[in-house]
Amino acid sequence: MPLRPDQRTKLDNTDDRQFYSYPRLVTHVDEGFIHQLTDLYRQRLKPDTQILDMMSSWVSHLPDEIKFARVEGHGLNGEELAKNPRLDSYVVQDLNADPKLPFTDNQFDAVLNCVSVQYLQYPEAIFTEIYRILKPGGVAIFSFSNRMFYDKAIQAWREGSESSRVNLVKSYFQSVPGFSSPEVVSRQATAPNFLQWLGAGGGDPFYAVIAYRS
């Protein structure tokens, strides 16, 4: 198991559905991060395929020029998901309360997760579900930076370094037999963390951990 019980804890133990009950129609990372993520999607995703944007919001950062067969959204705020123009449909679900994804086996060609992995308290169960719903050869892409809702991130994430967080996400994939060896794409920030927090330039760091269903 990648996580001990104490590492799954959050500072704010209130119901996640209450915390996300009002829409936040903002982006949680800078434009540089978003451009790099869209470029990564452009390289790894194929037209006319089935996509799940897991723990999504009002924007999915998918390339405008690629047309997919279907994009399914998943998240905690229905109003945000309803405003996302790339979603064909969506489901509202708290994965920390119920890790069982409401999709059939081998349904998706790709599962995407942008800047939300830090909130998963039972990632082993979730990544097992991702493996189940991916088609053979399907890809899972988890992207993240150094930003978070601090009180809602799990202890292992809050107290970790950027490199340890990368290794943590890799361990989630490695906990499920059948995923390929995780691949890491990264671009570290050029400014120290304390300068970023003060609003200095340098760009958000970009990390993506990628694996395929064998």
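Analyst: V139 stands opposite Y212 in β7. The model is a predicted one, in which local features need pLDDT of at least 70 and side-chain atom pairs count only at pLDDT 80 or more, while totals for chains, interfaces and linings use all residues. Residues are numbered from 1 along each chain as its sequence is written, and side-chain values use heavy atoms, with hydrogens and water left out.

The pairing of β5 with β7 is antiparallel and extends over six bridges; two strands pair if DSSP finds at least two bridges between them. β5 also pairs with β4, in the parallel sense and again over six bridges. In that pairing N113 stands opposite F142 of β5. Between β4 and β5 the chain passes through α4, and this β-α-β crossover is right-handed, that is, clockwise from the first strand over the helix to the second when the strands point away from the viewer.

β5 is mostly covered, with eight of its eleven residues buried (under 20% relative accessible area with a 1.4 Å probe, protein chains only; exposed is over 50%, and partly exposed lies in between). F142 touches M54, N113, V117, F127, I130, V169, F173, Y207, A208 and V209, leaving aside residues up to four places away in sequence; such a contact means heavy atoms within 4.5 Å.

F142 also belongs to the largest nonpolar core, of 34 residues, where M54, F127, I130, F142 and F173 touch the most other members. A nonpolar core is a set of buried Ala, Val, Leu, Ile, Met, Phe, Trp, Tyr and Cys residues joined through side-chain atoms within 4.5 Å. At least two residues of this core come from each of β1 (50-54), β4 (108-114), α4 (123-133), β5 (134-144), α5 (155-158), α6 (162-174) and β7 (206-212). The greatest contribution, five residues, is that of α6. Another core, of 23 residues, lies apart from it and includes L37, L40, L45 and L62. In soluble globular proteins, nonpolar side chains tend to be buried together.

In α6, the buried residues are E162, R165, V166, L168, V169, S171, Y172 and F173. The 13 residues of α6 should span 18 Å at 1.5 Å a residue, and the 19 Å between its end C-alpha atoms agrees with this; the expected span is 1.5 Å times one less than the number of residues. Helix α4, which the crossover uses, holds P123. P123 is buried, with a relative accessible area of 0%, and touches L3, R8 and Y172, again without residues up to four places away in sequence. Although P123 and L3 are 120 residues apart in sequence, their C-alpha atoms are 8.7 Å apart.

The whole chain gives the setting. There are seven helices and seven strands, taken as DSSP runs (H or I, at least four residues, for helices; E, at least two, for strands) numbered from the N terminus. Their order from that end is α-α-β-β-α-β-β-α-β-α-α-β-α-β. Of the 214 residues in the chain, 50% are buried. Among contacts with a separation of 6 or more, 69% join residues 24 or more positions apart.
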